[in-house]
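Work through the exercises below with the sequence and the model at hand. Each task is followed by a solution in steps.

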Amino acid sequence: MRLPTKEEIQKYWVNEGNKLILVLLYTLGNIAAFVYTFVHYYNSPAFEIVGYGVCFARGCAQLLKLNCALILVPVLRNLLSWLRGTFLNNYVPFDKNIVFHKLIAWVICFATFGHVMAHFNNFRKYQDVTAQEYKRILGIDYPGLTPIQYAFTTLAGWTGHVVCVVMVLMYTSAVESIRRPMFEGFWYTHHLFVVFFGLLVVHGLHSILEPTSFWKWVIGPCALYIIERLIRLLRSKKTTMLIQARIHPSRVIEVRMKTERFKYKPGQYLFLNCPTIAQNEWHPFTITSAPEEDFVSCHINVVGNWTGKLSTLLNPDKKLGIVQENVLKSPDGKPILRIDGPFGAASEEVFKYKQVILVGAGIGVTPFASILKHIKYQMARTYNTTPLIDKVHFYWICRDRNSFEWFSGLIGELEMENHNNFLEIHPYLTGALSAQEIRDVMYGDEEKDLITGFTTPTQFGRPKWNEIFADHALRYADKDVGVFFCGPKLLSKALYKASTHYTKTTTCRFHYNKENF
């Protein structure tokens, strides 16, 4: 076994460095908190009574304090969006905020389990201690309770059990198979964290081992969270006009909106709420308009309960094309839509690179609509100056022919105005064609592709990523290439694997970025 070379470390660092440092610091912080508390109680009088049970119980309690102080930070979206604009963006993987939030949640789960099991053991051991020993060691009178009484009649006991019930509700409703179809249920149960924190604050009030301190750990993050919610509440109160709703093929709704003082960057996203459907249900959607346009737009794929209800509200007659214009209120008098945002996303980092690979699968192409529009406007404005990006390789993968239609107009315009040949388009169709579509392709106009309407021909089947990345690695030797993806997890894994493999085995450095909401 040999040590990695400097070059190998540098290549590994391209996609893993920031994540490694964050996880390492987080792990060391947890280990230090547990070990320090464990050793402290190993040398305490309580060890004489219950032994290692008190060490494990207090060590896990310290982990709970630390992680409860951290768990709100990854969901402070306004704070994270602001931090993206600072030097910290070069060192902290802000795009992994939800992954980190889940990691902290699992540590809280296991720490809770360890804390509860250790205390059950402690309750049993209390019975083996005489009143005189208890008084001599701890300096207080022996309560004389049974293990059941310790567990369910003391303040620490019953609050701890209620905390566990709250955690079961929060964790089970966060499972994707439950969260997606029943989002409002997830939203309400997840906000039980207020009850969770409140119970933990009072949980240690009658502690005989140390003064309660949980509130000291969480007061700062809770204050930041309250500020975050106030900002989002004030923004959501701004009047939003639906200036146009258009129904595209493949069950896609385009909504164009106007609201006050809404400034955003290409690649960012917003949260959308329709009070008529659900007062407290907010959903993230990528912004598909460019900052140069006088409206903000989103393209919404109708796939779930909320989007289905929105489609019915905006398009009761089930038509294609424009179905609503200049609407402020729903039929019930509530605002038609409310906007919260914008928020930072991985795709806004695209302008850090001179060569980029954009990969969108189906509706996952949305963040690149805003980016490509922005490039188009910038090139029109600064035709003879240095371009924002030297080369864009755009891969659009769709299952059916209709999925290309809503975005094809913009791509067609960019093809016609392809200054300095900055854009390469690679459309892929993975689904089968109907008999009529096959005839259209065979006997259609040869100047334009019959599937997409682009001058670039459509390729059938899935992209061969190894060949594609090998080609780009040769083309951009010794250069940094940004790889940006929005779409399903399975394809993300393939792109991530290709990015890391060809970064390690060639002189090209592929920086992988994925959209996360």
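**Exercise 1.** State how many cavities of 30 Å³ or more the structure holds, then describe the largest one.

Solution. The structure holds four cavities of 30 Å³ or more. The largest cavity has about 130 Å³ of space. Its lining has 14 residues, and those closest to its centre are Arg84, Phe94, Asn97, Tyr269 and Gly344. Helix 4, residues 77–83, gives the most to this lining, with three residues. By type, the lining of the largest cavity has six nonpolar, four polar and four charged residues.

The model is a predicted one, in which local features need pLDDT of at least 70 and side-chain atom pairs count only at pLDDT 80 or more, while totals for chains, interfaces and linings use all residues. Residues are numbered from 1 along each chain as its sequence is written, and side-chain values use heavy atoms, with hydrogens and water left out.

Terms used here: on a 1 Å grid over the protein atoms alone, a cavity is a set of points where a 1.4 Å probe fits but cannot get out; a pocket is an open set with protein on both sides within 12 Å along at least five of seven lines; lining residues have an atom within 4 Å of a point. A volume is the space filled by probe spheres set on the points, which are joined across faces, edges and corners. Helices are DSSP runs (H or I, at least four residues), numbered from the N terminus. Ala, Val, Leu, Ile, Met, Phe, Trp, Tyr, Cys and Pro count as nonpolar, Asp, Glu, Lys and Arg as charged, and the others, Gly among them, as polar.

**Exercise 2.** Describe the second largest cavity and its lining.

Solution. The space in the second largest cavity is about 70 Å³. Ten residues line this cavity, and Ala46, Val50, Val54, Tyr126 and Leu209 lie nearest its centre. Helix 2 (47–50) and helix 5 (97–126) each supply at least two lining residues; the largest share, three residues, comes from helix 5. The lining of the second largest cavity has eight nonpolar, two polar and no charged residues.

**Exercise 3.** Give the volume of the second largest pocket and say which elements line it.

Solution. The volume of the second largest pocket is about 910 Å³. Among its 40 lining residues, Arg58, His115, His119, Ala156 and His203 are the closest to the centre. Two or more residues come from each of helix 3 (52–70), helix 5, helix 7 (147–152), helix 8 (155–173) and helix 11 (193–203). Helix 8 has the largest share, eight residues. The pocket lining divides into 24 nonpolar, 13 polar and three charged residues.

**Exercise 4.** Is Ile371 buried or exposed, and which residues does Ile371 contact?

Solution. Ile371 belongs to helix 14, residues 366–381. Its relative accessibility is 1%, so Ile371 counts as buried (buried is under 20% relative accessible area, exposed over 50%, partly exposed in between, with a 1.4 Å probe and protein chains only). Leaving aside neighbours within four places in sequence, Ile371 is in contact (heavy atoms within 4.5 Å) with Pro266, Gly267, Ser347, Val350 and Phe351. Phe351 is 20 residues from Ile371 along the chain, and their C-alpha atoms are 9.1 Å apart.

**Exercise 5.** Is Glu16 buried or exposed, and what does Glu16 touch?

Solution. Glu16 lies in helix 1, residues 6–42. Its relative accessible area is 17%, so Glu16 is buried. Not counting residues up to four places away in sequence, Glu16 touches Tyr496 and Thr500.
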